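The questions below concern how two parts of one chain meet.

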Amino acid sequence: MVFPVVSGGELTSRVPEGNGKIRWNWRNRKPTNTYQVFMVVGDFDVKHSTTPTGLPLITGYGADLGANAAAARASVERTPEIVEYLSGLVGPYPFDSQGGVVVKGLEFALENQTRPVYGDFFFDECANTSVVAHENMHQWFGDSVSFDRWQHAWRNEGPATYAEWLGSEHIGEGTAQQLADATYQKYPADDPFWQIPPGDPGVDNNFHDVIYERGAMTLQALRNTIGDATFFKLLRIWVAQHKYSDADTGEFIALAERLSGKRLDTLFTTCCSPRATRPPARHAGTTATAKPASWERIQHNQRLHARSTIS
Ligand SMILES: [Zn+2]
């Protein structure tokens, strides 16, 4: 039996070499972080198609996904639609192909460049487009624009988590503000959550909930402070200016201040710096509301993200 091979980028050739061997050549033409290089070989149903924007779309599903197979396909096959939505917010998609692979038993998802991988646990209750939004937002934040020190990981996981919140807002299952409120209320004032600064969490906490949730709350606080138009302009300019390169958090803050004309040092110091503290209510919102419809699904994702080392 010949198993298919899926990697990042585009399949350039598939050459029989005799004795039942096949050489698969994949090429990724854009700069790639080392941890986002990817290859899977096995009993997968692999589909090669084209996105509405004309890019190669490669998806793969383990033959052993069982009851999770339908939900996995219903979610990952919507990747082009989700990428198009995100492109409308943060600018042109930075790579030459799209896709995703779902693997049985993998307890995390990872934003491999052009080809995120998802554990089937993300789809064990129903379709889950939130995690697809998360991993594809990383194509801009983490894959194209990266950093040189892991203490800045909130700048990857914050926007990726915020993409889940924006997706919820887009489909009417709860606004980003409602999700920020619910996240803020999830942790009492004396919870250790507030003791870990997202801007310098330490090696043992590099993928703690703080990196994801305080990262996203920081973006919501910033959006509230500078307004929607400036906020999304900031994201678009940021990913365009630093495309395929590392960037520093200080540069992000400086750009936000320049575009908004506001001093933002207090906001960033409180929310995401190495000296971060529990933000005052006006930053994250404290209005007691019912949990948004998307809350449980996004929390399900967060539990899986936090028990892994990377996602
Ligand atoms: Zn992530």
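Q: How many salt bridges are counted between domain 1 and domain 2?
A: This is a predicted model, in which local features need pLDDT of at least 70, side-chain atom pairs count only at pLDDT 80 or more, and totals for chains, interfaces and linings use all residues. Residues are numbered from 1 along each chain as its sequence is written, and side-chain values use heavy atoms, with hydrogens and water left out. The domains, whose bounds come from an automatic or database assignment, are 5-137 for domain 1 and 148-307 for domain 2. With a salt bridge taken as a side-chain nitrogen of Lys or Arg within 4 Å of a carboxyl oxygen of Asp or Glu, the count between them is zero.

Q: What area is buried between domain 1 and domain 2?
A: Contact (heavy atoms within 4.5 Å) joins 24 residues of domain 1 with 25 residues of domain 2. Carbon and sulfur atoms give 61% of the buried area. Taken as the accessible area (1.4 Å probe) that the two parts lose on being put together, summed over both, the value is about 2100 Å².

Q: Which element gives the most to the side of domain 1 that touches domain 2?
A: Helices here are DSSP runs (H or I, at least four residues), numbered from the N terminus. Two elements give two or more residues to this side, helix H2 (79-90) and helix H3 (129-137). The one that gives the most, with six residues, is H3.
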